[in-house]
Amino acid sequence: MALPPPDPQFVLRGTSAAVHTLHFSCGGPEPDIPLLFSGSENGFVHVWNLRTRRVDTALDGHGRKSVCCVKTMGGKDRLLSQGRDQRICLWDLAEGRTSVTDSLCTEHVGFCRCSLLQVAQGRWLMAMAARSLEEVQILELPSKTSVCTLKPEVGAKLGMPMCLKLWQPSCGSQPVLLAGYEDGSVVLWNVSMGKALSRLSCHQEPVMSLDFDSEKAKGISGSSEKVLSIWSLNEQQNLQVYKTHELINAGISDITIRPDKKILATAGWDHRIRIFGWKKLKPLAVLDYHTAAAHCVSFSDHSSPRDRLLAAGSRDQRISVWAIYAQT
């Protein structure tokens with residue numbers, strides 16, 4: 001008989017608003033304090049100290065408009081946040097500072113989170129939904145230089161980009177972008193050439209979230225439907241459907257594969273977090289704690305596997321933190 005699912009290791013309360021995005025920074029050597037960054041509907045980014053389980057700092061840079069993405073840039077002292085105020089802010093958090101050092105306007109009204117990829121020491125590529133409905137813009141940071149704009153072919157009817165994932169097939173190779181669109185398609189783009197390499201129809205509804213395992217050349221996406229779509233990328237750079245997995249309840253807000261590529265987590269509109277084995281998509285656990293839709297899931301980047309955590313944020317204004325399958 002299956003073991004009953006565990007309770008959360010702990011719960012973080014105090015955002016006073018729905019939680020839309022989470023990002024851990026736990027990989028530093030001792031005595032570095034492990035942190036969790038959360039972005040809320042009220043425009044705040046909260047910096048949680050995971051030792052005290054309290055907020056160390058609250059950052060207010062988005063004019064009380066929802067924060068949809070937070071990412072660290074090469075360490076916990078540099079942070080990027082993206083809000084529904086059409087602004088992306090770069091923060092300096094070193095030595096107790098809480099200042100916005102730079103910002104840029106996205107001019108995009110949708111929910112699409114930007115994607116970051118470190119390409120050299122102190123240099124990043126950032127993909128973000130552009131002002132024009134179907135386009136994705138690639139910028140270099142911190143210079144904010146435009147690299148290219150990815151425009152679908154005339155008549156492609158992809159709709160708005162909904163989710164983005166920049167990655168590099170191998171060290172030194174050309175970066176590529178996976179983008180999920182409103183029409184249910186996933187498109188692979190060559191960033192340096194600015195052209196689409198492959199398009200796959202994965203869902204009947206908009207792609208809400210996707211993640212990709214570059215080692216296995218295999219990805220997964222979810223939408224408002226009852227289906228997870230698993231797809232692969234062959235050596236000719238063509239996307240192919242690998243398999244689909246039927247869910248009990250419709251609606252996936254977020255999907256993330258753990259860094260060790262053993263398990264993945266989904267955040268569901270049915271309030272639940274589901275854990276699957278990544279190899280065969282075997283259902284492993286259903287974490288039933290939240291009382292409203294789960295918006296985001298994130299795995300920690302602890303260097304020791306036994307310390308690994310999973311965090312989930314919800315419309316119920318709480319963040320549940322779990323120690324689950326840490327040893328697998």
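Helices (H or I, at least four residues) and strands (E, at least two) are DSSP runs, numbered from the N terminus. In this predicted model, local features need pLDDT of at least 70 and side-chain atom pairs count only at pLDDT 80 or more, while totals for chains, interfaces and linings use all residues. Residues are numbered from 1 along each chain as its sequence is written, and side-chain values use heavy atoms, with hydrogens and water left out.

The protein chain contains zero helices and 28 strands. The C-alpha atoms fill a box of roughly 55 × 55 × 35 Å along the principal axes. Of the 328 residues, 56% are buried, where buried means under 20% relative accessible area, exposed over 50% and partly exposed in between (1.4 Å probe, protein chains only).

The end C-alpha atoms of residues 200–241 lie 8 Å apart, and this span is 0% helix and 60% strand.

Most residues other than glycine have a negative phi, and most peptide bonds are trans. A cis peptide bond joins L141 and P142, with omega about 5°; P142 is in the loop between β12 (136–141) and β13 (145–150). K261, in the loop between β22 (252–257) and β23 (263–268), has a positive phi near 65° and counts as buried because its relative accessibility is 18%. H271, in the loop between β23 and β24 (273–277), has a positive phi near 80° and is partly exposed at 30% relative accessible area.
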